[in-house]
Amino acid sequence: MLIGMIIEDSAVLLRATDQDGRHPRPQLVRPDWVDLTGEWSFGFDDDNRGLTEGWQRQPSLPLTITVPFPPESTASGVADTGFHHVLWYHREISPEQIRRAGHHLGRRLLLHFSAVDYRAEVWVNGRQVGAHEGGHTPFTVDITHAVDPEQDNDLVVRVEDDPRDVAQPRGKQDWREQPHVIWYHRTSGIWQPVWLESVPGLAVDWLHWHSDLVHARVHARIGLSEAPALPADVDVELRYDGALLARASVVTTTAEFEVVLSVARQSNGQAYEELLWTPDHPRLIDATVVVRAADGGVDTVASYLGLRSAAVDRRLFLLNDRPRFVRAVLNQGYWPDSHLAAPSSDALRDEVQLIKDLGFNATRLHQKFEDPRFLYWADRLGLMVWSEAPATFTFTTTAVERTIREWLEVVHRDFSHPSIVTWVPLNESWGVQHIAHDARKLHYARSLIHMTKALDPTRPVVSNDGWEQVDTDIVAIHDYEGDGDIVRDRYRDRAAIDEMIHGVGPAGRRLVLGGDVSDKPVMLTEFGGISFDVHRTEDAWGYTDAKTADEFRARITALMSAVHDSSALAGYCYTQLADTLQETNGLVGADRVPKLPVAELHAIMSGPRPKQLWE
């Protein structure tokens, strides 16, 4: 009884810490943390002399930058889009910030970087405390023994980001100095939050939640900071709307272990859907994990999960074992003033809400691993997500190693988000050009599929979105035909689609290179791309174009009517949400203002689908 009371009191405290979606790691929250974003000293090191001259020990940087905005962006205060290979950052960590992080003797002080593009080294008071390679995934350094809690402490970060290195996973970041066609200004250096946190010696390092709807269970996979020297007690509790759903306790001597919780309420077959997560009813389960070490140290973290399943069967996409027609929009996750960095946590919430308001139930995050705060709002507001890897543009040993490392890191990071329903490791054969004629690249594509399924067997995987797919769970087709009648004819039924699958696809590419797809769902996962340049952008670009609102309306309506008339498509992804620099084919401008009335766009995008497939 005492254990239950402690967990309940801790849960109330922790649930109050992140109702606004501002915590950088929303599925593993402690009550005390300190945001280190804001003004930092900054400098370019084009001659790469900083290390030799000891900038890591005595930084004297000439510029000021607003972190976490990249120096290419105007939001950073630097606004330099030129080529710079090496960047330096400096700020102080004060005793007050250390105190507010909850740090005291016997605890560890952790410094978290949510994303730094591309290669980072970190020093505190001249002492190197960590390094990381990978521009889209988080890393943590333990700075306990490098800081002095009684004085200001120098924090220095050196970043290498070669703008011409196409073996780096870079997505839409241009390798040319100026953006062209569908590529944009780069996002270098720190571009997601930097923050400080204090933890006990034995602490929760990561959590994976998996719901087993058939057997009314939740599996909690827990990773600790180290294997306990002596057995440690672990308590896990699940609540919905304050009511206790399940509680379990285990004793562990290992750093990684599983706790299984039976959710008795879900055993009622006529009522179990009342707790399930869907876009229409995005119910989230509050979770609390408490770890008690033998030395008396206690770590309490708050988390959440959604009870839901995602699968494919009989040519349908299934959410919670029911057909769900996917109405998605391609989202570049790019803002004119801050590039890949979100302008604010509120902007991420607004983006999710805008997508839903426009009539979509899903989004494909294109060539970007998105900020976890976006995923938090997708979880909370009810938006399905396809998570897609940023591509390299060459096939080398280095490119493969880098891609695999970041991909595995993001699958690990985002495993527990109920909003993510599909993984997409490759897109349009970027990084595996000529895959149809090169067995190495075919093996690589297959390895990504199977590695993903080994780590996460709970979600469908699209092997190579667009064309030249192998062992894919969903046949994902890209088709920028602008004539609605032609689109209607191509996708009218499965027989018409199978002609393309067994022949040549709309882009002149083979759609499938291997694996039986006869029972797989087919989705049109890129189409549209109609440029309606409301802001008279220089070098405006789209796959087709409209000069007036009436023409824009007519073109979208013709395409969407063709898609909705198909008896074979299990979903679609329209290109795209927002204008992005010269790519002016958004439904909304770069300022996120819709180009047609929201209600009208909602009706066009929703269409007259049978109710059971989309609600």
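**View A. The crossing of helices α4 and α5 is right-handed.** A crossing is called right-handed if the near helix is turned clockwise from the far one by less than a right angle, and left-handed if anticlockwise. The model is predicted: local features need pLDDT of at least 70, side-chain atom pairs count only at pLDDT 80 or more, and totals for chains, interfaces and linings use all residues. Residues are numbered from 1 along each chain as its sequence is written, and side-chain values use heavy atoms, with hydrogens and water left out. Helices (H or I, at least four residues) and strands (E, at least two) are DSSP runs numbered from the N terminus. The axes of α4 (residues 345-357) and α5 (residues 372-381) come within 9 Å and cross at roughly 45°. That angle makes α4 oblique to α5. Axes are lines fitted to C-alpha atoms, for helices over the stretch in contact, and angles run from 0 to 180 degrees between N-to-C directions. Angles under 35 degrees count as roughly parallel, over 145 as roughly antiparallel, 65 to 115 as roughly perpendicular, and the rest as oblique. From α4, the residues S345, L348, R349, E351, V352, Q353, I355 and K356 meet R373, F374, W377, A378 and L381 of α5. Contact means heavy atoms within 4.5 Å. The residues of this contact between α4 and α5 divide into 7 nonpolar, 2 polar and 4 charged. Ala, Val, Leu, Ile, Met, Phe, Trp, Tyr, Cys and Pro count as nonpolar, Asp, Glu, Lys and Arg as charged, and the others, Gly among them, as polar.

**View B. Helix α6 is roughly parallel to helix α7, given the crossing angle of their axes.** The axes of α6 (residues 397-414) and α7 (residues 439-455) come within 11 Å and cross at roughly 20°. The crossing of α6 and α7 is right-handed. On the α6 side the contact is made by V400, T403, I404, W407, L408 and V411, and on the α7 side by Y444, L448, M451, T452 and L455. These residues divide into 9 nonpolar, 2 polar and no charged.

**View C. The buried residues of helix α9 (residues 494-501) are R494, A496, I497, M500 and I501.** Seen down the axis of α9, these buried residues fall within an arc of 160°, so they line one face of the helix. The arc is that of the directions from the helix axis to the C-beta atoms. An α-helix has 3.6 residues a turn, so residues three or four places apart point the same way. On the other side of α9, A495 and E499 are exposed. Buried means under 20% relative accessible area, exposed over 50%, and partly exposed in between (1.4 Å probe, protein chains only). The buried residues of α9 pack against α8 (484-490) and against the strands β28 (475-478), β29 (512-514), β30 (522-528) and β33 (569-575).

**View D. The axes of helices α10 and α11 come within 8 Å and cross at roughly 30°.** This makes α10 roughly parallel to α11. R553, I556, T557, M560 and H564 in α10 meet E600, I604, M605 and S606 in α11. The residues of the contact divide into 4 nonpolar, 3 polar and 2 charged. Within α11 (residues 598-606), L601, I604, M605 and S606 are buried. The cover over the buried residues of α11 includes β23 (326-331), α10 (549-565) and β33. G607 follows α11 and has a positive phi, near 65°.

**View E. K595 is found in the loop between β33 and α11.** K595 is buried, with a relative accessible area of 9%. K595 and A549 are 46 residues apart in sequence, and their C-alpha atoms are 7.5 Å apart in space. Not counting residues up to four places away in sequence, K595 touches F532, V534, F552, D579, T584, G586, L587, V588 and G589. R592 also lies in the loop between β33 and α11. Its phi is positive, about 70°, although R592 is not a glycine. R592 is buried, with a relative accessible area of 14%.

**View F. Cis peptide bonds join V67 to P68 and D117 to Y118.** For the bond between V67 and P68, omega is about 20°. P68 lies in the loop between β3 (63-67) and β4 (86-93). For the bond from D117 to Y118, omega is near 15°. Y118 lies in the loop between β6 (116-117) and β7 (119-124).

**View G. N48, a residue other than glycine, has a positive phi, near 55°.** N48 is placed in the loop between β2 (38-44) and α2 (50-53). N48 is partly exposed, with a relative accessible area of 44%.
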